[in-house]
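Me: Hey, can you walk me through this structure? I'd like to start with the ligand and then look at pockets.

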Amino acid sequence: MTSPHLLVTGGAGFIGSNFVHHVLAHTDARVTVLDKLTYAGSSASLAGLPEDRVRLVEGDIADVALVDELVAPLTGEGDAIVHYAAESHNDNSLNDPSPFLQTNLLGTYTLLEAARKHGTRLHHISTDEVYGDLELDDPERFTEHTPYNPSSPYSSTKAGSDLLVRAWVRSFDVRATISNCSNNYGPRQHVEKFIPRQITNLLDGIRPRLYGKGENVRDWIHADDHSSAVLTILEKGRLGETYLIGADGEKSNKEVVELILQQMGRESDDYDHVTDRPGHDLRYAIDSTKLREELGWTPAYRDFEAGLAATIDWYRANEEWWRGQKAETEAKYAKAGQ
Ligand code: NAD
Ligand code: DAU
């Protein structure tokens, strides 16, 4: 029997590369990564992985001919497309929504059409942001039954991509599953995102920047736990189903910044409040009961402070990975008063 072959789109980005590392460590699958290597993707995130098991193809998920060529061979037992590629940053989507429509909607459509043509299994990676936001004191968390109510150009295009997947399942019997995960942290995340931005700011002697009052709550999960959940869904998930992925990690942005400051040896109030994000979602929170009870998944990282400390250590030790992103990212934020 040959080992399964996975086509991982966006596999040179933050969570996609984590998934590739995870698959290599925990299965005997071979991986083809299809990644456009936008500003958010880096071949360095796949460095050191064995060449006989991982191949990086630089290209666009909306390139019909290329996608067809890569999906056509995926007809064996366990073969699948695992679709991470996206424009992923809310702030960028507020400045220029156009690449979000192109990649998140047309790119997903292109993959679905290839999956339909070749009968290939597809797992679509999505976000809890499709559900909009919650009040700080709302006793309910997001479940698979929460109505869609996205707020930003980013989250609305992710919501649209989820709906395309559902329609292709129902109308064309495409063998697909969807997962909606909460905020990820861990190594190899672009410095535009909240946690790496504050860590690398402090390493550069810049005070952390908190949008608005810092009361917004995110539900943090380590990227390794996201990867183990996706692998579980690929192995045991029911076709056509949606699974929410979360690790009960709710924290306000202010709490996270204070922890980073403490862990990096600074006073916990040594940060600046800056201009808030327009339309800023207040709170996300995931109820992952279905994934845990139906498929038996549990997160391995239960201590956010320990995971954060390890993430800080990674950015300290891997300056060559992030240095090239930093100046341009901060220049963009400075323009927005952030
Ligand atoms: P990222 O921005 O770090 O990586 C995205 C990757 O996709 C990059 O490598 C980029 O080069 C690639 N890409 C972009 N456009 C492409 C195109 N047209 N063709 C091929 N490749 C393209 O994003 P991330 O944070 O790793 O997120 C990955 C996925 O997980 C996204 O679908 C995102 O919506 C979802 N997600 C992210 C989080 C989070 O906290 N970061 C949480 C839940 C879900
Ligand atoms: O919930 C899942 C989503 O999490 C994913 O779908 C997105 O791809 C991912 O980017 C993330 O979205 P957020 O907008 O929540 O993440 P971001 O890292 O941009 O911001 C996290 C919180 O921190 C948010 O409330 C905004 C705030 N923030 C962000 C930055 C960059 C700050 O206070 N200061 C900052 O400098």
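**Ligand and pocket chat**

Me: What's the shell around ligand 2 like by class?
Reply: This is a predicted model, just so you know. By class, 6 nonpolar, 10 polar and 8 charged residues make up the shell around ligand 2.

Me: OK, and which residues come nearest to ligand 2?
Reply: There are 24 residues around ligand 2, and Thr127, Asp128, Tyr154, Arg277 and His280 come nearest.

Me: Which polar side-chain atom lies 2.8 Å from an oxygen atom of ligand 2?
Reply: One belonging to Arg197.

Me: How much of ligand 2 does the protein bury?
Reply: Taken alone, ligand 2 exposes 690 Å², and the protein buries 95% of that.

Me: Which elements give two or more residues to that shell?
Reply: Helix 6 (194-203) and strand 8 (209-211) do.

Me: Switching topic: how much space lies in the largest pocket?
Reply: About 290 Å³. It's lined by 16 residues, and the closest to its centre are Pro4, Leu6, Gly78, Asp79 and Leu234.

Me: Which helix gives the most to that lining?
Reply: Helix 7 (residues 223-236), with 3 residues.

Me: And what's the lining of the largest pocket like by class?
Reply: That lining has 7 nonpolar, 3 polar and 6 charged residues.

Notes. Residues are numbered from 1 along each chain as its sequence is written. Chains are lettered from A and ligands numbered from 1 in the order in which they are written. This is a predicted model: local features need pLDDT of at least 70, side-chain atom pairs count only at pLDDT 80 or more; totals for chains, interfaces and linings use all residues. Side-chain values use heavy atoms; hydrogens and water are left out. A residue is near a molecule or strand if one of its heavy atoms lies within 4 Å of it. A polar contact is a pair of N or O atoms within 3.5 Å; within protein, one must be able to donate a hydrogen and the other to accept it, and residues adjacent in sequence count only if both atoms are side-chain atoms. Accessible areas come from the Shrake-Rupley method with a 1.4 Å probe; for residues, only the protein chains shown count as cover. Helices (H or I, at least four residues) and strands (E, at least two) are DSSP runs, numbered from the N terminus. Ala, Val, Leu, Ile, Met, Phe, Trp, Tyr, Cys and Pro count as nonpolar, Asp, Glu, Lys and Arg as charged, and the others, Gly among them, as polar. On a 1 Å grid over the protein atoms alone, a cavity is a set of points where a 1.4 Å probe fits but cannot get out, and a pocket is an open set with protein on both sides within 12 Å along at least five of seven lines; lining residues have an atom within 4 Å of a point. Grid points are joined across faces, edges and corners, and a volume is the space filled by probe spheres set on the points.
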